[in-house]
Amino acid sequence: MGKKINHAALWPALAVLAIFIGYGVLQTEALGSLLSAILYGMADFGGWFFCLFTIIIIILTFVLALSKIGDIKIGGPDAVPAYKTWNWITMSLCGGIGTGLLFWAMGEPMYHFMTPPVAAGVDPGSRDAAIFAISQAMWQWSIPQYCLYTICAVAFALTAYNMKKPLAFGPVLDSAIGKKSEGLETFIHGLSIFTMCGAVACSMGVGLMQIGAGLSNLLGITPNPVVWLVVAVIITVVFTLSCVSGIGTGLKKMSSFTTIAFIGILIYVVIFGPSVFSANLGTEAIAALLDHPLERTAILSTMAPGDSWAADWEIQYWASFIVYAPIIGMFLSRMAKGRTLRQFILVNVLAPSIFCMVWIAVFGGVAINMQVSGTFDIWNAVSTNGMEATIFYILDSFPLGKLLIVVFLVAICTSFSTLADPMAAACATMSVKGLSVDDEPPRQIKILIGVIMGAIAYILVASGGVGSVKGMWVIIGLPIAFVQIVVVLSVFRNGARALKSKDYMISDEAEAR
């Protein structure tokens, strides 16, 4: 099959990105101020939408898994899984984490502990604040994001394997709206290329900040634009080479290595850290979370003027996960073949969620223990040097701390690469017409998109760090939410059609009916 460039989707998206890059180079500080202002403005007027949207997706995802639709086998009754369960779980875990869990989940519990939202009803630095901090961070990095990703993955899996259609938004859109619309498909592909380049750049941006902080701890190098530029170039080369090698080679191996590194770091910290304190606090946090899970999804500033907690945390989280959802879903769908929808949903949601909860319980517990015991003033360090430096204060307090930091820095690079690799491949796939789920897009397109992602990441960090990153999430999250509504409609329509077929396959005739 010939690979024709989708010019109408690719070049307009890259043109807008080029304008953004140019503006960032010429007006760096102005861009940072603009993105921060947009974050708080949209949070005040549209924060409720992101929270309500996330709640609905969580409910619908488990409805799919527990309903009769969950019996559908992706690819039909004779389909055989293309990846072992270990590779599937590691790619799902790493593809969703990127640098996020490594960056936000380390210092985040300290922020919730010392500056909780008014809605939490707890005193800063108190026992109740500690339980709230861990449980809220656990929730924000587990079930909601993986539900958003997985429900999109189901949509692409049904069209690619059970309808034998190309891996693209077109068949998903056709199923949802009941007719073919090439113009709408091209627009969504262009929008997705633009938003995903920005989204991956956001994740890479926080990774650059964290690596800069790590180099400062190890070598005394002060983070600056030159350091960020060098690191950005190195990481871009790594994930682009992995992307060019294909999902079955570079990504599979890198995901396995990254997961093993995560588990090794986690075990080391459990052995030498305050494990009993972390276990106690983590258990209470899980109990508190299970008591009111959906309530944790919609913490807003109602009757609490001046409280910016929701904008700083929850709203920008939901917005960022919504941005990633359709494209990560496109990537995850490639691992669905041979699984029932129920298996696919529950494994994709629960396996990485459990890991993230354990990770936050351990590292969040260590940070809070150091704070309340007086071992180290983590809160002062975070407030003075930024959240990206928190993990290095923690790791440096352990035996062989410097070596642990080196391992962690390597894990940051490979973890980001396991996110950027499939995202760049997905963007490249949308830039080419007619690719099947098993086809790889042209290498030149992958390389071009990888370079653009790296350039935007550097500009975001140089223009204002975390504030710019958060603002970028909310800007690009809103339009993608409406794309995801269409994707969800496709899931239920195709699920109903597949149930009517004995082999769960959807023919064009059945689609027409």
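I took contact to mean heavy atoms within 4.5 Å. The model I consulted is a predicted one.

**Entry 1: helix α11 against helix α14**

I first looked up which residues of α11 and α14 meet. On the α11 side I noted Phe277, Ser278, Leu281, Gly282 and Leu289. On the α14 side I noted Met357, Ala361, Val362, Gly365, Val366, Ile368, Asn369 and Val372. Sorted by class, this contact of α11 with α14 holds 9 nonpolar and 4 polar residues, and no charged ones.

I then turned to the geometry of the pair. Helix α11 covers residues 275-291 and helix α14 covers residues 341-373. I found that their axes come within 8 Å and cross at roughly 120°. I therefore recorded α11 as oblique to α14.

**Entry 2: helix α6 against helix α14**

I next asked how α6, residues 143-162, lies relative to α14. The axes of α6 and α14 come within 9 Å and cross at roughly 155°. Angles over 145 degrees count as roughly antiparallel, so I recorded α6 as roughly antiparallel to α14. The crossing of α6 and α14 is again a right-handed one.

I listed the residues that make this contact. Helix α6 contributes Ile143, Tyr146, Cys147, Thr150, Ala153 and Val154. Helix α14 contributes Leu341, Phe344, Ile345, Asn348, Val349, Leu350, Pro352, Ser353 and Cys356. By class, I noted 12 nonpolar and 3 polar residues in the contact of α6 with α14, with no charged residue.

**Entry 3: cysteines**

I checked for disulfides, taking as the criterion a pair of cysteine sulfur atoms within 2.5 Å. The count came to 0 disulfides. I also looked up the accessibility of two cysteines. Cys51 has a relative accessible area of 1% and is buried. Cys147, which I had already listed among the α6 residues in contact with α14, is buried at a relative accessible area of 0%.

**Entry 4: Thr195**

Where does Thr195 lie? I placed Thr195 in helix α8, residues 182-219.

I finally compared the separation of Thr195 and Leu17 in sequence and in space. The two are 178 residues apart in sequence. From C-alpha to C-alpha, I noted that Thr195 and Leu17 are 9.3 Å apart in space.

How values were computed. Residues numbered from 1 in each chain as written. Predicted model: local features only at pLDDT ≥ 70, side-chain atom pairs only at ≥ 80, totals over all residues. Heavy atoms only, no water. Axes fitted to C-alpha atoms, helices over the stretch in contact; angles between N-to-C directions. Helix = DSSP H or I, 4+ residues; strand = E, 2+ residues; numbered from the N terminus. Parallel < 35°, antiparallel > 145°, perpendicular 65-115°, else oblique. Nonpolar A, V, L, I, M, F, W, Y, C, P; charged D, E, K, R; others polar. Left-handed = near helix turned anticlockwise from the far one by under 90°. Buried < 20%, exposed > 50% of the residue type's maximum accessible area, 1.4 Å probe, protein only.
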